[in-house]
Amino acid sequence: YIAKRTHLPFVVYDPQQEENRKSVLSLLGELKTAVDHDQLAVFLQPKVSLRAGHVVGAEALVRWCHPERGWIPPGQFIPFAEQSGRIRGLTLWMLRRCLELHAQWLARGREIGIAVNVSINDLEDPQFVGQVESLLARHGQPHGMTLELTESGVMSAPSSVLPALERLRQLGFRLSIDDFGTGYSSLAYLSKLPVDELKIDRSFINELEQAHGEGIVGAVVELGHVLRLAVVAEGVETEAAWHYLRRLDCDLVQGFLVAKPMPIEEFETWLEQGWSIPVADSIDG
Ligand code: C2E
Ligand code: MG
Ligand code: MG
Ligand code: MG
């Protein structure tokens, strides 16, 4: 039976896989060029409060506009950039752009936070915090800025990243644990982490309507609140999920139901047009 063949101890040469490998390697080589020549773009996706429906922030998500291949989503290069140690230039580029944007917004009276994703590789490097401090000196201030770190990253190297987290928070950044529920958090350790926010991974939000789905998400919301963290649900796509989350007392929502990630200008237009809760009056049910 064909499916059993995967257990055989030999590897079939797959020309497609070889092509993919080459393509990843050449992309990695080009990543530095992309950073240096502004081929990267910041897309923004709103975070809204479930109770008031206000837009309180935006997550910055990188997009690579490749001269030949067009738009490349982060899933196709971030993991490789992390493994090969090339993520730093990208992280600092994103942070600089977002600090500048946030400063422009503040100058225009727009108080909307911006969250930037930071890789565990960044945190583990003792130089990283110093690099962030130099950015702050020239490009903006951390008040209103959040750094998102994945749960699996933070939990993979707890003691070595703790001092970095503490310093970043002292500088004034909010810290958020991303993709929560997919890593293996020690609850004891979680309660000692200097963080402000917990983002429930999309996979749990997808399963809200399935057996135990609501109970699990509700338990995570409660855990977050016991630890005095703001709780965000990511990947909210349906009105049904919105209703559940409201009932479960989740604080913030992010997902296609509200808006997809957009280029900065489009996000600003979207904000100015005003957003309203896309659900009927029954939200208090
Ligand atoms: P993430 O930080 O968990 O970001 C959320 C991802 O979920 C984004 O994918 C976003 O477009 C997607 N998403 C948001 N709402 C929905 C929804 O309702 N349904 C579905 N199906 N998806 C939704 P994206 O932009 O492709 O980014 C994927 C991941 O790549 C991010 O996951 C993050 O881990 C990483 N990433 C993106 N930008 C950066 C960056 O600048 N630096 C680093 N280190 N990582 C980044
Ligand atoms: Mg994130
Ligand atoms: Mg996430
Ligand atoms: Mg996620």
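Which residues are the protein donors of the magnesium ion (ligand 2)? In this predicted model, where local features need pLDDT of at least 70, side-chain atom pairs count only at pLDDT 80 or more and totals for chains, interfaces and linings use all residues, side-chain values use heavy atoms, with hydrogens and water left out. Residues are numbered from 1 along each chain as its sequence is written, while chains are lettered from A and ligands numbered from 1 in the order in which they are written.

The magnesium ion (ligand 2) has Glu59 (OE), Asn117 (OD1), Glu148 (OE) and Asp178 (OD) as its protein donors, at 2.1 to 2.3 Å. Donors are N, O and S atoms within 2.8 Å of the metal (3.2 Å for Na, K and Ca); water is not among the atoms, so sites may look incomplete. Glutamate 59 belongs to strand β2 (residues 55–66) and aspartate 178 to strand β6 (residues 174–180), so this pair ties together parts 119 residues apart in sequence. Strands (E, at least two residues) are DSSP runs, numbered from the N terminus.

Glutamate 59 is buried at 5% relative accessibility, and aspartate 178 is buried at 5%. Buried means under 20% relative accessible area, exposed over 50%, and partly exposed in between (1.4 Å probe, protein chains only).

Aspartate 179 lies in strand β6 and glutamate 234 in strand β8 (residues 230–234), so the pair ties together parts 55 residues apart in sequence. Aspartate 179 is partly exposed at 23% relative accessibility, whereas glutamate 234 is buried at 12% relative accessible area.

Technical notes
Helix = DSSP H or I, 4+ residues; strand = E, 2+ residues; numbered from the N terminus.
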